[in-house]
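Hello,

Here is the structure I promised to send over. Have a look at it first, and my notes follow just below.

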Amino acid sequence: MGRRANLPLLASGCVTDMTTAATDPFRFHGGRLAAAAARFDSAPQPWIDLSTGISPWAYPVPEMGQAAWSRLPEPEELERLEAAAAQTFGVDNPAEIVAVPGSDMAIRLLGTLFAEQRSAMLTPIYSGHKAAWPDATEIGLEAAAEYDLIVLANPNNPDGRIVSPEHLRTLPGQVIVDEAFADTAPLASLLPERGDAIVLRSFGKFYGLAGVRLGFVIADSVVAERLRTMLGDWPVSGIAVTVGLAAYQDQQWQDNQRRHLQEAADRLDKLLEKSDLDIIGGTSLFRLTSHDKARELFVILGQSGILVRPFSDIATQLRFGLPASEGEWTRLEDALSQWREMQ
C-alpha cells in the first residue's frame, strides 16, 4: 500500500484522447466503483473511492438483536428516532420531523408535492434536485426572491457555497433547503429557526453510513403528514432506527468526528495545493478543485485505482473526498506526484 504504483507514463496526447470517454459514467454521481474497475481494469487493488462526500470514518454500529433484522420497527421506536434527531437538530416539535429512507428519496417526494409551483434552484446543485424539479429555472441568489419556490443546498455540493440563514429567512417564497452537509457546518443551518422553510438532513454522509439509507425532512405539520402518508407505516428499517438512535445520542462522537474531518481536510488542502490544483470550494468532507488538465488527472488517478469525481458541465473541475488511512494518503500522494512529473 505504501509503495509508489508503477503507472504507465502515457504521452499527453494519449491521455487527452481518453479523457472524455473515461469520465462519462462518473459525471453525475459519485461512488461508481464497479464502473471504475471495469474502465481501468489494470488498476491496483483495492480501489480508493474519493468520489463521494461520505465520511471515510463511520459511526461504530451498535450490537443489534435479532428483532432489528426480523421485525418491522414499532411506531414508538420510530418516534424515539425522530425525537433524538429533533434534539440534535434543535427542533422543538418532533411532529415536524419525518424519517425518510435517505434524503434523496425526500427530494423526489417533495418534487412531487410541489410540482405545480413556479420553482427555481440555485446552481450548481446536486443532480437529484434537477431530476425532482426538471422544469425549475436555474438561477443565482440575486433572483431568488422572484419565485414561488426556491431549492438550494446549504452548504452546497459541490462547491461548499453557504448562503447565510439570515438571508434565507428574508426570501418570500417557499424555501426548500438541502442540508446534507450541515453536520460539518452547524452555523450554516436554518434550524432551529426555519420559519416555514422545509429542511432536509442526511444521516449517511457525516456518520459515514450511507448504506443505512436514513434522512429526515423538517417541515410544518401539513407537509410532514403528507410525507408520512406517502411513505407508509415503515418508512425506514429497524437497522436504521437502531443505528440512527445511537448516533444521534452520542454527542462526544459527533464532536470528535468534526475535528477529525477538519484535520483531514486541512491535510488534503496541502496535498492538492502542492500539486498545483486550485481549491475553489468544499466542506470538511470534500474539496472541489480546478485545473485545465483535470480530465487527464482523472485518468491518471483511475489508473492508480483512485476514483475522484468529474463533472458533466465543467471539464476543469474534480472533487476529492478524504482518504481513510495512511496507506490511502500515500497512494494518492504518489499518484499526484507521478502526474506532476508528466506536466
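Which residues does Ser55 touch, not counting residues up to four places away in sequence? Ser55 touches Lys205, Phe206, Gly208, Gln257, Leu261 and Leu285, where contact means heavy atoms within 4.5 Å.

Before going further, a word on the source. This is a predicted model, in which local features need pLDDT of at least 70 and side-chain atom pairs count only at pLDDT 80 or more, while totals for chains, interfaces and linings use all residues. Residues are numbered from 1 along each chain as its sequence is written, and side-chain values use heavy atoms, with hydrogens and water left out.

Back to Ser55. The residue is found in the loop between β1 and α3 (66-70). Helices (H or I, at least four residues) and strands (E, at least two) are DSSP runs, numbered from the N terminus. Ser55 counts as buried, at 5% relative accessibility; buried means under 20% relative accessible area, exposed over 50%, and partly exposed in between (1.4 Å probe, protein chains only). A polar atom of the Ser55 side chain lies 3.0 Å from the backbone oxygen of Trp57.

Now for the whole protein. There are 13 helices and 13 strands. The radius of gyration is 21 Å, close to the 20 Å that the globule rule gives for 343 residues, so the protein is as compact as a globular protein of that length. That radius is taken over C-alpha atoms, and the rule is 2.2 Å times the number of residues to the power 0.38. The C-alpha trace spans about 60 × 50 × 30 Å along its principal axes. Of the 343 residues, 53% are buried. Among contacts between residues at least 6 apart in sequence, 69% join residues at least 24 apart.

On charge, the protein has 30 positive and 45 negative side chains, and the centres of the two sets lie 5 Å apart. Lys and Arg count as positive and Asp and Glu as negative, with His and the chain ends not counted. Each charge is placed at NZ of Lys, CZ of Arg, CG of Asp or CD of Glu.

Just after α12, Gly305 takes a positive phi of about 75°.

Finally, some backbone details to look at on screen. Most residues other than glycine have a negative phi, and most peptide bonds are trans. Here are the exceptions I noted:

- A cis peptide bond joins Gln45 and Pro46, with omega about -10°; Pro46 is in the loop between α2 (33-39) and β1 (48-49).
- Leu191 and Pro192 are also joined by a cis peptide bond, with omega about 5°. Pro192 is in the loop between β6 (174-178) and β7 (198-202).
- Arg213 is not a glycine, yet has a positive phi of about 55°. Its place is in the loop between α8 (204-207) and β8 (215-218), and at 39% relative accessibility Arg213 counts as partly exposed.
- Asp276 has a positive phi of about 65°, although it is not a glycine. Asp276 lies in the loop between α11 (251-274) and β9 (278-283) and is exposed, with a relative accessible area of 57%.

Definitions and conventions
Polar contact = N/O pair within 3.5 Å; in protein donor to acceptor, adjacent residues only side chain to side chain.
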